[in-house]
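Visitor: I have a model open and would like to go through it. Can you take some questions?
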Amino acid sequence: MRAVRAETPARELFQDAAFPASDSSLFFNLSTPLAQFREDITWRRPQEICATPQLFPDNPREGQVKQGLLGDCWFLCACAALQKSQLLLDQVFPPGQPSWSDQKYRGFFTCRIWQFGHWEEVTVDDRLPCLAGRLCFSRCQREDVFWLPLLEKAYAKVHGSYEHLWAGQVADALVDLTGSLAERWTLKDIVEASGQQDRPGGGEQRTCRQLLHLKDRCLISCSVLSPRAGTVCGYNFLHHSLVREEKVLSRRGVPWVCVALLSLLREGCPSFSST
């Protein structure tokens with residue numbers, strides 16, 4: 001008699017009916033450049049994208065944020081800031097959730113987003129938008145690390161669709177991911193004020209030194225928005241984060257980001273009207 005080994009039944013994986021793998025989760029009104037990829041986007045789970053998916057990398061540098069086709073760099077800048085603090089990251093992406101190598105994995109993850117004065121738990125399945133088998137929106141430096149696209153999906157669910165994330169304010173995303181308050185400074189005003197003082201540039205350097213003093217006590221980001229199709233005096237729409245774990249680059253004690261932006265402001269670049 002030949003023994004026949006019973007096969008282990010396949011685990012049924014969660015499919016989020018409230019945020020399905022369909023156009024309704026991708027698009028709002030097809031008003032952004034994302035619409036041109038409507039027929040090409042497919043949905044895949046991480047284990048269908050790579051052989052050994054993981055939530056977080058062993059080396060933090062391999063989890064660095066990279067933008068995809070979606071114009072949500074304002075949100076991704078806030079995600080990059082989260083990496084400065086494991087406490088903040090754990091607050092948004094609670095640890096201990098079963099992932100792909102665990103027996104308890106069922107195809108979903110839960111994130112926490114600050115909404116209207118309290119933390120709201122947002123559960124999504126792990127089907128992610130792809131083009132040609134690769135993630136087409138946000139991804140990490142190592143493409144087998146998935147905390148970022150899963151958090152992006154949860155944030156898109158809160159807003160109604162991925163397309164709703166096209167363009168926004170870093171300060172708003174920082175509030176949603178930390179539960180804290182945000183304050184916005186306009187560097188153009190500082191430049192104009194310093195031009196009226198006896199010592200040109202004094203106000204600028206004082207502000208930059210204040211930023212250096214604050215960098216270890218709060219999250220600081222710097223964004224530049226162009227009024228023309230995403231270009232800023234020859235640069236693409238860019239976000240600089242001053243809150244990475246690496247040493248903050250400086251020149252004569254002043255953050256290089258401030259030096260570069262203030263220099264362009266002083267030269268009269270019209271795109272730097274709001275920083």
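Visitor: Is Phe56 buried, partly exposed or exposed?
Guide: Phe56 counts as partly exposed, because its relative accessibility is 30%. Buried means under 20% relative accessible area, exposed over 50%, and partly exposed in between, with a 1.4 Å probe and protein chains only. This is a predicted model, so local features need pLDDT of at least 70 and side-chain atom pairs count only at pLDDT 80 or more, while totals for chains, interfaces and linings use all residues. Residues are numbered from 1 along each chain as its sequence is written, and side-chain values use heavy atoms, with hydrogens and water left out.

Visitor: How many aromatic pairs does a search of the whole structure find?
Guide: The search finds 13 aromatic pairs. One of them is Phe56 with Trp147, a stacked pair with 6.0 Å centre to centre and 15° between the planes. Rings of Phe, Tyr and Trp (its six-membered ring) pair if their centres lie within 6.5 Å; planes under 30 degrees apart count as stacked, over 60 as edge-to-face and the rest as tilted.

Visitor: Which parts does the pair of Phe56 and Trp147 tie together?
Guide: Phe56 lies in the loop between helix H2 (46-49) and strand E2 (65-66), and Trp147 in helix H5 (residues 147-159), so the pair ties together parts that are 91 residues apart in sequence. Helices (H or I, at least four residues) and strands (E, at least two) are DSSP runs, numbered from the N terminus.

Visitor: And Trp147, buried or exposed?
Guide: Trp147 is buried, at a relative accessible area of 1%. Trp100 and Phe109 form a tilted aromatic pair, with 5.2 Å centre to centre and 45° between the planes. Trp100 and Phe109 are both buried.

Visitor: Which residues form the aromatic cluster?
Guide: One aromatic cluster is made of Phe56, Phe93, Trp100, Tyr105, Phe109, Phe146 and Trp147.

Visitor: Changing topic. Where does UniProt place the "active site"?
Guide: The unreviewed UniProt entry puts that feature at Cys73. UniProt positions are given in the numbering used here, feature names are shortened, and annotations may be inferred rather than shown by experiment. In the model, Cys73 is found in helix H3 (residues 73-82). Cys73 is buried, with a relative accessible area of 13%.

Visitor: What about sheets? In which order do the 3 strands of the open sheet come?
Guide: The order is E1-E5-E6, with antiparallel pairing. Strand E1 (42-44) and strand E6 (134-135) are the edge strands, each pairing on one side only. Two strands pair if DSSP finds at least two bridges between them.

Visitor: How many bridges join E1 to E5?
Guide: There are 3 bridges between E1 and strand E5 (residues 128-131), and the two run antiparallel. Thr42 stands opposite Cys130 in E5.

Visitor: What do E3 and E4 form?
Guide: They form a hairpin with 2 residues between them, and Phe116 in the turn has a positive phi of about 55°. Strand E3 (residues 108-115) and strand E4 (residues 118-125) are antiparallel and pair over 8 bridges. Arg112 has Glu121 in E4 as its bridge partner.

Visitor: Now charges. How many salt bridges does the structure hold?
Guide: It holds 8 salt bridges, a salt bridge being a side-chain nitrogen of Lys or Arg within 4 Å of a carboxyl oxygen of Asp or Glu. Among them is Arg45 with Asp126, at 2.4 Å, N to O. Arg45 lies in the loop between E1 and H2 and Asp126 in the loop between E4 and E5, so this pair ties together parts that are 81 residues apart in sequence. Both Arg45 and Asp126 are buried.

Visitor: Which residues are linked in a network of salt bridges?
Guide: Asp125, Arg127 and Lys153 are linked in one. Within it, the side chains of Asp125 and Arg127 meet at 2.8 Å, N to O. Asp125 is buried, at 0% relative accessibility, and Arg127 is buried too, at 15%.

Visitor: What does Glu143 form with Arg134?
Guide: Glu143 and Arg134 form a salt bridge, their closest N and O atoms being 2.4 Å apart. Glu143 is partly exposed at 31% relative accessibility, and Arg134 is partly exposed with a relative accessible area of 45%.

Visitor: Last one. How many helices and strands does the protein come to?
Guide: The secondary structure comes to 9 helices and 13 strands. Of the 275 residues in the protein, 43% are buried.
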